[in-house]
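I opened the model today and kept notes as I went. The entries follow the order of looking.

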Amino acid sequence: MNLSETKIFLDQTWRLLAQNEEASFESPILKSNDPRNVKTALGNEFPTTNISFENVLKEFELQILPFLNRNTDARFGAYITGSGNRVSALAEFIKAFFNQNGLKWNNSPIASELEQLVIKWIAEFVKLPEFSKGILTSGGSMSNLMGMHFALAKRFPEREMVGFYDQQPFTVYCSNQTHSSVDRAMVFLGLGRNHLRKIDVNDRFEIDVSQLKKSIETDLSNGFKPLMVIGNAGTTNTGSIDDLKALADVAKEFDLWYHVDGAYGLPASRLARLKEKFEGIEQADSVIINPHKWMYVTFEASCVLLKEIPHAINFSPDYLFTEDPGLRWESSEHTIELSKEFRALKIWFTMKYYGAEQLTSFVSQDIDMIDYLARLLADYPKVEIEPEHPLSILCFRWNDPNLTSEENETINIEAVRSIESKGNIFITGTKLRGSTYLRVYYGNPERTRENVEEMVLEIKNVFNELTEAVA
Ligand SMILES: Cc1ncc(COP(=O)(O)O)c(C=O)c1O
């Protein structure tokens, strides 16, 4: 494809996207809930010979475009899926156009330098300038894994050569609301899930610090080796924020690595009304944040922030040798990845274009919209709203006192299913204190109060249909 063809194809692609964008506001945002429909549309024809770009685009329009969920739409409130932003999308195109690979500094000097710059900006954005080092990763799960890896590297550098041979197990501490990526990291790091201590939480879903201390003491007396404590700065279920100061004290008292998962919630620390909730985070050894969540950058973009990066890998193969005057930053010396996409570019574009103040106002607006959603739902006496929603997540459930708890539970489970199958809005479910709740996440600055009102109407209709069925 030469340059003039590229321009023509770019125009054609843009026309299709713009046309689809306009039409999409009228159609469901969830495009299918049945894998068979998607598989059938995709077909299975192996591409043996070349076809024109027009035909590829036509096939894309027929086979793929109809199944692209409208994650960027204000009707989307599922998981913690940020809306992204179009500036970031354009940066993705530029990135791919230049096909940079940050595997070594000399292979893409700007990828390496820009990564370090945006890491400093992210640290400054969340008012933690001392965390000026770090690594951009694909997502919060990878960032949590890296934080735990660095904890091990610092505490037990021998691991590089001998693994865990002949060691008493290391134990890791976090609340039972901590993201499951920590459980998975226990598996991937060979620490074992049996050695993850999930501490109970209080009514606000914040870790019980006295139970945490007891658990560490018990482990110590039983010969385990406490490694690290993980705090939450915005849990996935409710957005709860642990007492990060108290956790810092515990980490200090027992000489543990202190890691804070702020994958979702950390940008809210910029808001004056929430700043205090995040106090203590500055004492952490590692902190994570996902620009692809509440900084509105397109997927994938996460970041581990550190004050110092412990060296865990002290070797390099011959084919990666470069003469280095000691000034070059090689991110691949610290991670499992060698080839590395130029993630920093879309973060740079987003932060430049919007600036910290506007990004902060978006975060504030998402929280206001969730508060508005809670106020609207409060008009329905049989809808019980979880009072703890410090950030932009709201959990609620149908709870009719005239029904049994099993009947209410069935309605909530069915409501999640029904909302997904209708596809007019997309929200998901979770469990709090053993009961099923519907759960809404807001992370889209384009959302209006009318969008929230429409979402409430859809939820109300679904509950009405189901409760009439029960009656
Ligand atoms: C608090 C928290 N940590 C980690 C993750 C994992 O992030 P990712 O999906 O980017 O791997 C999530 C995802 O929602 C999260 O909410």
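I checked burial first: 40% of the 471 residues of the protein count as buried (20 or more other C-beta atoms within 10 Å of a residue's own, C-beta atoms placed from the backbone; exposed means 12 or fewer, partly exposed in between). This is a predicted model, where local features need pLDDT of at least 70 and side-chain atom pairs count only at pLDDT 80 or more, while totals for chains, interfaces and linings use all residues. I number residues from 1 along each chain as its sequence is written.

**Overall size.** The C-alpha trace spans about 65 × 60 × 45 Å along its principal axes.

**Elements.** I listed 14 helices and eleven strands. They are DSSP runs, numbered from the N terminus: helices are H or I with at least four residues, strands are E with at least two.

**Strand S1.** Is S1 mostly covered or uncovered? It is mostly covered: four of the five residues in 133-137 are buried. Five bridges join S1 to S7 (residues 302-306), and the two run antiparallel. Strands pair if DSSP finds at least two bridges between them. I found Leu136 opposite Cys303 in S7.

**The four-stranded sheet.** I traced an open, antiparallel sheet in the order S8-S9-S11-S10. S8 (383-385) and S10 (428-432) stand at the edges with a single partner strand each, so one side of each has no neighbour in the sheet. Neighbouring strands here are turned by 40° against each other on average, direction ignored. S9 (residues 393-398) and S11 (residues 435-441) pair over four bridges. Cys395 stands opposite Arg439 in S11.

**Helices on that sheet.** Helix H12 (residues 344-377) lies across S8, S9 and S11, at about 15° to S9. Helix H13 (residues 405-422) lies across S9, S10 and S11, at about 35° to S11. Axes are lines fitted to C-alpha atoms, for helices over the stretch in contact, with angles from 0 to 180 degrees between N-to-C directions; contact means C-beta atoms, placed from the backbone, within 7 Å.

**Ligand shell.** Which residues are closest to the ligand? I noted Gly139, Gly140, Ser141, His179 and Ala263, out of 15 that surround it (C-beta atom, placed from the backbone, within 6 Å). Helix H6 (residues 140-155) gives the largest share, three residues.

Terms used
Contact = placed C-beta atoms within 7 Å.
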